[in-house]
Protein chains: 2
Amino acid sequence: MEDLLTRLRAGLPAEAVLTDPDVTASYAHDMASFCHAGTPAVVVLPSTVEHVRHIMRTATASRVPVVPQGARTGLSGAANASDGCIVLSLTKMDRILEIDPVDRIAVVEPGVVNAALSRAVGEHGLYYPPDPSSWEMCTIGGNIGTASGGLCCVKYGVTAEYVLGLDVVLADGRLLSTGRRTAKGVAGYDLTRLFVGSEGTLGVVVRAVLALRPRPPRQLVLAAEFPSAAAACDAVCAVMERGHTPSLLELMDRTTVRAVNRLGRMGLPESTEALLLAAFDTPDPAADLAAVGELCTAAGATRVVPAEDAAESEMLLRARRMSLTALEAVKSATMIDDVCVPRSRLAAMLDGTAAIAAKHGLTIGVCAHAGDGNTHPVVCFDHTDPDESRRARESFDEIMALGLELGGTITGEHGVGVLKKEWLARELGPVGVELQRGIKRTFDPLGLLNPGKLF
Amino acid sequence: MEDLLTRLRAGLPAEAVLTDPDVTASYAHDMASFCHAGTPAVVVLPSTVEHVRHIMRTATASRVPVVPQGARTGLSGAANASDGCIVLSLTKMDRILEIDPVDRIAVVEPGVVNAALSRAVGEHGLYYPPDPSSWEMCTIGGNIGTASGGLCCVKYGVTAEYVLGLDVVLADGRLLSTGRRTAKGVAGYDLTRLFVGSEGTLGVVVRAVLALRPRPPRQLVLAAEFPSAAAACDAVCAVMERGHTPSLLELMDRTTVRAVNRLGRMGLPESTEALLLAAFDTPDPAADLAAVGELCTAAGATRVVPAEDAAESEMLLRARRMSLTALEAVKSATMIDDVCVPRSRLAAMLDGTAAIAAKHGLTIGVCAHAGDGNTHPVVCFDHTDPDESRRARESFDEIMALGLELGGTITGEHGVGVLKKEWLARELGPVGVELQRGIKRTFDPLGLLNPGKLF
């Protein structure tokens with residue numbers, strides 16, 4: 001242990017090596033509930049690529065596992081420490097190195113906060129779409145590691161679609177450059193994409209070339225109240241089938257609406273079974289919203305309320321962004337699921353989730369990126385009640401089983417981490433797992449990078 | 001050999017096994033010039049997944065290499081036979097299995113022709129964007145193998161962005177399913193993307209889930225004449241910097257314009273040094289074209305001509321699509337390059353290419369997906385003249401060196417195949433090549449799938 005610290009300090013400034021157990025304990029886990037986290041041996045805070053290379057060389061020489069971390073806002077335990085590991089926090093590498101409006105790219109270090117990048121590119125009339133709920137805190141490196149989504153994905157896609165090239169420090173300290181800074185490129189296997197969503201198990205991203213878009217017009221939001229989740233899902237299908245391209249299409253069930261009202265006094269309509277939010281950032285959003293409003297009414301909406309202006313739109317978005325936090329306050333504990341199904345099966349997913357809740361006598365609130373079929377069922381329970389805790393875990397698993405049955409995936413955007421390891425194997429099947437392990441071995445033959453995550 | 005044929009025939013219909021040397025020779029190569037092609041032992045034409053599995057099991061048992069093929073319209077020799085190989089043509093597996101307007105996906109077999117898919121989804125009001133010039137002939141499987149681009153990429157992106165999930169027969173005959181049919185999904189490493197652009201070296205794609213978009217309005221095209229390539233590139237940069245999103249932004253140099261006129265009697269303006277085509281498929285394309293026209297004029301355009309109607313737009317597009325074929329007719333032989341640079345370096349790329357042509361005393365016509373910085377310099381030469389042939393090859397290489405120097409890639413959309421193997425290693429560097437080889441070994445430990453391609 002002392003040997004490890006001595007070696008690390010040989011290539012790092014003194015303040016970049018944290019060993020106080022009270023301090024290092026605060027780096028032990030991300031925001032996932034009920035995921036095991038070990039006790040790190042040390043936390044390091046590199047500020048240069050050379051620092052990271054030194055850390056990885058030291059880890060390899062000492063055979064000590066390394067857990068790369070961003071802001072620890074993840075929801076699957078992918079950033080949780082393992083016992084005796086080096087926690088490698090990239091938060092000090094937070095420089096935006098370049099913003100180029102002609103090439104429409106940004107070059108950033110991994111510790112840049114998502115919102116900081118969004119604002120910086122906004123000043124150039126540009127737009128970095130991926131917007132996870134934690135965007136004011138989470139880092140680009142974390143977004144890349146977990147392949148983050150967000151509210152805008154239904155129109156603009158996920159993080160993976162915005163990563164053009166990476167600099168990565170490998171397990172043994174070598175530096176790899178992948179991808180490109182051009183709009184297109186097909187030279188060899190797509191290693192860039194392989195790193196996106198790899199949860200720190202293949203290498204440490206130290207620099208990213210990101211694609212940007214022109215900033216779209218401000219979006220206008222509509223809220224529609226439905227007498228059932230199924231009716232709201234019918235509206236979602238109709239909107240997509242008719243060829244609309246909303247910039248946001250979100251669903252909050254009755255439990256979520258009430259929880260948000262309780263937390264934020266938002267004045268959302270509590271009598272509704274499902275509240276659908278749709279938005280457009282097109283040249284004429286009011287016309288698009290009117291068309292979508294008609295589809296909602298045809299699907300059974302009892303009330304359709306287009307936002308009058310940007311302030312009202314912003315209020316509705318704030319309510320939606322608050323959903324997970326609000327649901328977390330319903331009971332003493334929650335487990336947040338992240339099942340994505342084909343949008344044509346969304347109604348079956350929501351009805352099935354309600355049936356699971358009823359069977360186990362639990363409250364399960366659902367908010368969803370409905371346009372993408374990506375649901376977040378939040379299982380609320382009293383963690384001091386062992387039987388309720390057991391039923392919560394069971395329903396969490398049954399929700400994933402239902403998602404797979406409906407042709408979906410166990411994770412639309414939160415990742416696997418330690419939370420869903422067993423389920424990843426079920427989704428991938430034995431051939432898929434074998435190949436994924438083979439890739440892991442190719443990049444990290446000693447198994448030092450974020451061990452125990454994914455599989 | 002007889003043993004191999006007997007084994008193959010045990011699991012295939014008689015008509016699916018071709019051995020007549022005159023017939024099999026016609027399957028020996030794709031459309032790339034000057035790439036070595038061997039003599040296949042046999043050509044097989046499976047029509048089911050089970051056929052493909054039987055072929056791969058047989059190949060593995062017999063240790064015979066397999067070259068997967070689509071329509072052989074590729075431009076890098078990636079589909080060229082190796083001596084004694086099994087050519088595995090997927091052209092008989094050409095069924096569109098599913099088109100779903102709510103989930104906005106199509107499920108297809110690999111032999112479906114790009115244009116056939118485009119038309120079929122069009123009937124549902126949907127759009128499959130990737131449109132390589134060979135779209136009337138090339139197959140979706142080939143598009144996936146080579147990660148094809150096209151004219152629409154500047155707005156809609158490349159093939160990779162439309163492949164959600166794959167069924168793949170591995171080298172040993174096992175079946176792997178990757179990805180998803182949902183809009184989002186982050187379960188494990190992105191194996192789907194790894195197969196896209198892998199040129200048949202990792203497995204045989206037998207089924208693909210493709211993302212579709214709503215069909216956009218018909219695009220309107222503008223043509224602008226420039227006194228120099230650099231001025232046209234300035235216009236391209238201005239268009240992108242101002243936040244426009246053209247559905248097409250193409251450049252044809254003087255040589256290309258003349259070649260197209262000669263081939264197609266298109267009446268393009270021969271006095272211009274560079275012809276820029278811009279198009280919009282927005283709600284008000286005329287307004288967008290007017291704005292872009294002003295930017296062209298400001299950049300030095302001598303003439304800006306918006307198409308009056310769809311027919312005139314279609315004529316201009318036809319001229320552009322004809323470019324490579326027209327340039328191929330300039331001399332007895334051509335080598336087609338495919339360098340992509342950051343669009344801010346496009347002018348440097350075009351001026352540098354002209355300098356290379358002058359230095360070697362050669363005609364090099366350039367057409368380019370200018371909005372993406374993706375140039376196709378076509379080196380025209382007399383292949384019966386050894387010295388001119390040598391200079392052609394040298395200039396072809398110098399163009400790639402220039403592209404790398406300008407921060408670009410040796411291939412924007414045509415792939416590596418056998419044509420650019422040495423250059424791939426230069427672009428990736430030793431660490432990248434080592435990891436790519438490691439991935440190849442994980443999927444194909446015996447090295448039977450399309451050996452000698454990529455690296």
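Begin by selecting chain A and chain B together: 73 residues of chain A are in contact with 73 residues of chain B, contact being heavy atoms within 4.5 Å. This is a predicted model, in which local features need pLDDT of at least 70, side-chain atom pairs count only at pLDDT 80 or more, and totals for chains, interfaces and linings use all residues. Residues are numbered from 1 along each chain as its sequence is written, chains are lettered from A and ligands numbered from 1 in the order in which they are written, and side-chain values use heavy atoms, with hydrogens and water left out.

**The interface**

About 5800 Å² is buried between chain A and chain B, and carbon and sulfur atoms give 61% of that area; buried area is the accessible area (1.4 Å probe) that two parts lose on being put together, summed over both. Next, select Lys184(A), Val186(A) and Tyr189(A), which supply 17% of the area that chain A buries against chain B, more than any other three residues.

Then display Asp190(A) and Arg193(B), whose side chains form a salt bridge (3.0 Å, N to O). Six salt bridges are found across the interface of chain A and chain B, each being a side-chain nitrogen of Lys or Arg within 4 Å of a carboxyl oxygen of Asp or Glu.

**The largest cavity**

The structure holds three cavities of 30 Å³ or more. On a 1 Å grid over the protein atoms alone, a cavity is a set of points where a 1.4 Å probe fits but cannot get out, and lining residues have an atom within 4 Å of a point. Grid points are joined across faces, edges and corners, and a volume is the space filled by probe spheres set on the points.

For the largest, of about 80 Å³, select Met31(A), Ala32(A), Ser33(A), Leu75(A), Glu328(A), Thr334(A), Met335(A), Ile336(A), Phe396(A) and Leu419(A). Strand β16 (residues 333-336) of chain A gives the most to this lining, with three residues; strands are DSSP runs (E, at least two residues), numbered from the N terminus.

**The second largest cavity**

Move to chain B and select Met31(B), Ala32(B), Ser33(B), Leu75(B), Thr334(B), Met335(B), Ile336(B), Phe396(B) and Leu419(B), which line the second largest cavity. The volume here is about 70 Å³. Domain 1 (2-89) and domain 3 (220-405) of chain B both give residues to this lining, so the second largest cavity lies between them; the domain bounds come from an automatic or database assignment.

Definitions and conventions:
1 Å grid on protein atoms, 1.4 Å probe; cavity = no way out; pocket = protein on both sides within 12 Å on 5 of 7 lines; lining within 4 Å. Helix = DSSP H or I, 4+ residues; strand = E, 2+ residues; numbered from the N terminus.
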